[in-house]
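Thanks for coming. I will go through one structure today, taking the helix packing, then a sheet, then a few backbone details.

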Amino acid sequence: MKVRLLSTFVAACMTCSVMAIKTDDLKWHSMKDFPLYGTVAKNQSVNYVRVPDSLKKNMRPELYDLATNTAGMYIRFASDASAIGAKWKATKKFDMNHMTATGIRGLDLYTMLDDGTWTTVSSARPSFFRHNTTTMVMTDMTPRMREYMLYLPLYDGVDSIYIGVDSMATVCMPSLDSPVAANPIIMYGTSILQGGCASRSGMVHTSIIGRKLNRQVINLGFSGNARLDLDIAGLIADTPASVIVVDPLPNLKTPELVERMPAFIAAIRSKQPSTPILLVESPIFPLMRFNEETLQTITEKNKALQKIYDDLVSAGDANIHYFKGEDVLGDCVEGTVDNYHLTDLGFTHFADALSPVISALINGTGPGSPAR
């Protein structure tokens, strides 16, 4: 009985020790000067935006507002901390009824394993009532130097971010270029590409692809606003890329697609004549099993995109490629939150399908007509 009581007491003490550290005990480090990825807008008056200040004047206001959402952006740092906290301010404190707050305006911390792959540590849950959040992310870790990647909110912005560590720990610049920063993959699209409705910010397919392929991904997803704006095409054209993924169909009507897509591709080709461009059909959403109007509309748009692709190939574009909508989710009908926007399961399927295609295009071994 004494032995059992002693073991219970020791276990209780250990639990108290694990839970004892609080945010007030941490040393806080501003992330302002740490490497920021997933954006083409560097060294600006506003740090955490996805497009340059120079575009704000002429860009549609709703499009620029979405560009201040930090979808796909991440900060890299290293630390030997045994406990890590996060402190940040969400600029909008946005909420939706079909997406978690951790995905909309939370942070998501990953660390590199010994084999060079990335794994989740934990998400930083945002405050429900306030713009400002201060919270613990992980405690009781073995104190050794690790590489970290901190994903920023998908459907909100931030204007300050701090990482807190235990008093004996340091926070320093990363020692590895991972994911590789040069010649990023640029992905342009809709609310799905922006991250709706991932449960946390590291689970949008663009970020999963970045970890899978060890390559920086620029997320140019604009919820409800992927309308083939030429200022976005110009931004893409000005950014040296390994692959450009164009995935706007859910936000377009068929006449808009037919009218705007050739000019959008031409604008990119004016400065990137040989970069692989992957055109992505609208996904075959689960609701299309029941909703006849949606089935007809999406089928029509996908046929129109196929025609545009065929015309580009016939005109001599040797590095335009095609991805079928039926390959996004495959046979999975449980990968959405509303038969339309993807859950983590849906994003994983999408990333698993796209990753080998993008990898082949980067390596110059991609399929010809059409890409699968």
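At what angle do helix H5 and helix H10 pack, and how far apart are their axes? Before I answer, note that this is a predicted model. Two packed helices are described by the angle between their axes and the distance between the axes. For H5, residues 205–213, and H10, residues 344–362, the angle is about 45° and the axes are 9 Å apart. That makes H5 oblique to H10, since an angle has to be under 35 degrees to count as roughly parallel. The crossing of these two helices, H5 and H10, is right-handed.

Which residues of H5 and H10 make the contact? On the H5 side they are His205, Ile208, Ile209, Lys212 and Leu213. H10 contributes Phe347, Thr348, Phe350, Ala351, Asp352, Leu354, Ser355, Ile358 and Ser359. Sorted by class, the contact of H5 with H10 has eight nonpolar, four polar and two charged residues.

Now a second pair of helices. H7 covers residues 254–269 and H8 covers residues 292–314. They pack at an angle of about 30°, and their axes are 10 Å apart. H7 and H8 are therefore roughly parallel to each other. The crossing of H7 and H8 is right-handed. From H7, the residues in contact are Thr254, Leu257, Val258, Met261 and Ile265. From H8, they are Glu300, Lys301, Ala304, Leu305, Ile308 and Leu312. The contact of H7 with H8 divides into eight nonpolar, one polar and two charged residues.

H7 comes up again when we look at helix H6, residues 230–237. Which residues of H6 are buried? They are Ile232, Ala233, Leu235, Ile236 and Ala237. These buried residues pack against helix H2, strands E11, E12 and E13, and H7.

Next, the sheet. Strands of a sheet pair through backbone hydrogen bonds, either parallel or antiparallel. Here, four strands form an open sheet in the order E1-E9-E4-E7, with antiparallel pairing. E1, residues 27–30, and E7, residues 132–138, stand at the edges with a single partner strand each, so one side of each has no neighbour in the sheet. On average, neighbouring strands are turned by 25° against each other, direction ignored.

Inside that order, take E4, residues 84–90, and E9, residues 158–165. Seven bridges join these two antiparallel strands. As one example, Ile84 has Val165 in E9 as its bridge partner.

Last, the backbone. Most residues other than glycine have a negative phi, and most peptide bonds are trans. Where are the exceptions I want to show? The peptide bond from Ser178 to Pro179 is cis, with omega near -10°. Pro179 sits in the loop between E10 and E11. The peptide bond from Gly196 to Cys197 is also cis, with omega near 10°, and Cys197 is in the loop between H4 and H5.

For phi, look at two asparagines. Asn183, in strand E11, has a positive phi, near 45°. Asn183 is partly exposed, with a relative accessible area of 41%. Asn214, in the loop between H5 and E12, has a positive phi near 50°. At 31% relative accessibility, Asn214 is partly exposed as well.

That is where I will stop.

Technical notes
Residues numbered from 1 in each chain as written. Predicted model: local features only at pLDDT ≥ 70, side-chain atom pairs only at ≥ 80, totals over all residues. Heavy atoms only, no water. Axes fitted to C-alpha atoms, helices over the stretch in contact; angles between N-to-C directions. Parallel < 35°, antiparallel > 145°, perpendicular 65-115°, else oblique. Left-handed = near helix turned anticlockwise from the far one by under 90°. Contact = heavy atoms within 4.5 Å. Nonpolar A, V, L, I, M, F, W, Y, C, P; charged D, E, K, R; others polar. Pairing = 2+ DSSP bridges. Buried < 20%, exposed > 50% of the residue type's maximum accessible area, 1.4 Å probe, protein only.
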